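Please take a moment to look over the chain shown here before reading on. The paragraphs that follow lead from one side chain to its surroundings, and then to other parts of the fold.

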Amino acid sequence: MQLLLYNLFLVLYKVAIRLSSLVNDKAKRWLAGRKDILQTIKTTLPHDVERIWVHCASVGEFEQARPLIERLKAENATAKIILTFFSPSGYELRKDYEYADYVFYLPLDGRKRSARFIKMINPSLAIFVKYEFWYYYICNLERSNIPLVLISGTFREEQPFFKWYGGLFRDMLHKFSFFFLQDEASKKLLNDIGINNTIVTGDTRYDRVWEIAQQAKRFPLIESWKGGSKLLIAGSTWPDDERLLKECLSVLPEDWKIVIAPHEIDAKHLKEIEHLFGSDAAFYSRITNSDTPKDISPDGGCRLLVIDNIGMLSSLFRYGDIAYIGGGFQKGGIHNTLEPAVFGLPILFGLTYEKFVEARELVKRGFAFPVGNAEECRNILHQLISNEKERMAKSDALKHFVQFQVGATQNIIHSLVSNSYLK
């Protein structure tokens, strides 16, 4: 019965995507990217070479996979990396990733379709990231005796795997060769349902953000605009976050400025931001294209700078003093909190954060602060701004905490080799 429901879900999902594609650009890209995908893969891949398959849902999971992919290429230069994405945003951003030999959309799961895909790519090892569970892909990997591991895995008690009705989901977990987990709580949940091929190695994103911090880019224009001011950096924001920040501007002293880097930078959203903040805001692209960037002089001009491009944010945090991370008022939850954490920035975000292990840990240790409304946000900002000595001590402790978490990638590589999953 559960398998019947799963098959019904696959059918309904595809129907929903087709209907959504009539009005939704992302759904349209999802469909277009999968058109004749199996034939494309068949004609693209060479024969008789070792291949390692790494699958990510989207951009966030790719950042967890990235340190491992780069180590795999360093350890075994002859192995070909096949990288797949479920989401168009992940594929389009990383389709030219230099350490992957082939980048494809993952075809939608299905008994025959997944069998054809596995046969075509014929990997020596399959690596899923964090929480991707597709029944037929998992079954066909097991049937083909191809090891399947999960990295940076995290589990919560409310997930179907641990409910009375979750038999099909538990069956998927039992087919994995090994689990590399983020925390002890996830390990205990798996152990309680009879899954013991687990080890806690931590989150590979710590390795990635540590690497980013060592190679962070400089932005002279940002340095000039910041001058001697302190800086609140709001990253990956959504409209709800931006409205909240608008209500919090009054709490910022004169010597504080704010950067907003929205999650979506389409023209409609940027226009909404411009309307919301009015003359308080300047846009990075307009300034860099101007011969006279007077709006960003350190002694005058705007106090708020909108970053209307993709790619700057992770390095921008080097200039910050406090961070706000968006997504906490969205169903999917907050975005990457580790990018500001590696630079020692205390972090604020909305209340949808519980499913993120790293966010829970940052809150527990007093490095991050969930807020439910503008009043709570203003109060936390006031506390952090008014006591600079305490904020600096918190910043130093946060940097040390992140540094201590680095090393998950090395632990995973060592375990893969010792268990003979890697040659």
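What kind of contact joins the side chains of T409 and D207? In this model, which is a predicted one, the side chains of T409 and D207 are joined by a polar contact of 2.6 Å. T409 is found in helix 20, which covers residues 408–418, and because its relative accessibility is 4%, T409 counts as buried.

The side chain of T204 makes a polar contact of 3.0 Å with the side chain of S152, a residue that lies in strand 5 (residues 148–153). Although S152 and T409 are 257 residues apart in sequence, their C-alpha atoms are 9.6 Å apart in space. Is S152 buried or exposed? With a relative accessibility of 0%, which is under the 20% limit, S152 counts as buried. Its contacts, again not counting residues up to four places away in sequence, are Q64, K130, F180, Q182, G202, D203 and T204.

The strand that holds S152 is itself mostly covered, since 6 of the 6 residues of strand 5 are buried. On one hand, strand 5 pairs with strand 4 (residues 125–129) in the parallel sense over 4 bridges, and within this pairing F128 stands opposite L150 of strand 5.

Elsewhere in the model, 7 strands form an open sheet with parallel pairing, in the order 10-11-9-8-12-13-14. The edge strands of this sheet are strand 10 (281–283) and strand 14 (368–370), each of which pairs on one side only, and the twist from one strand to the next averages 20°. Within the sheet order, strand 11 stands next to strand 9; strand 9 (residues 256–262) and strand 11 (residues 304–306) run parallel and are joined by 3 bridges, with I258 standing opposite L304 of strand 11.

A last point concerns the cysteines. How many disulfides does the structure hold? The structure holds 0 disulfides, and the sulfur distances for two cysteines can be followed in turn. The sulfur of C302 has its closest cysteine sulfur in C248, and because the two are 19 Å apart, they are too far for a bond. The sulfur of C377 also has its closest cysteine sulfur in C248, at 3.5 Å, which is still too far for a bond, because a disulfide requires sulfur atoms within 2.5 Å. Both of these cysteines are buried, C302 with a relative accessible area of 7% and C377 at 1% relative accessibility.

Technical notes:
Residues are numbered from 1 along each chain as its sequence is written. This is a predicted model: local features need pLDDT of at least 70, side-chain atom pairs count only at pLDDT 80 or more; totals for chains, interfaces and linings use all residues. Side-chain values use heavy atoms; hydrogens and water are left out. Helices (H or I, at least four residues) and strands (E, at least two) are DSSP runs, numbered from the N terminus. Buried means under 20% relative accessible area, exposed over 50%, partly exposed in between (1.4 Å probe, protein chains only). A polar contact is a pair of N or O atoms within 3.5 Å; within protein, one must be able to donate a hydrogen and the other to accept it, and residues adjacent in sequence count only if both atoms are side-chain atoms. Contact means heavy atoms within 4.5 Å. Two strands pair if DSSP finds at least two bridges between them. Axes are lines fitted to C-alpha atoms, for helices over the stretch in contact, and angles run from 0 to 180 degrees between N-to-C directions.
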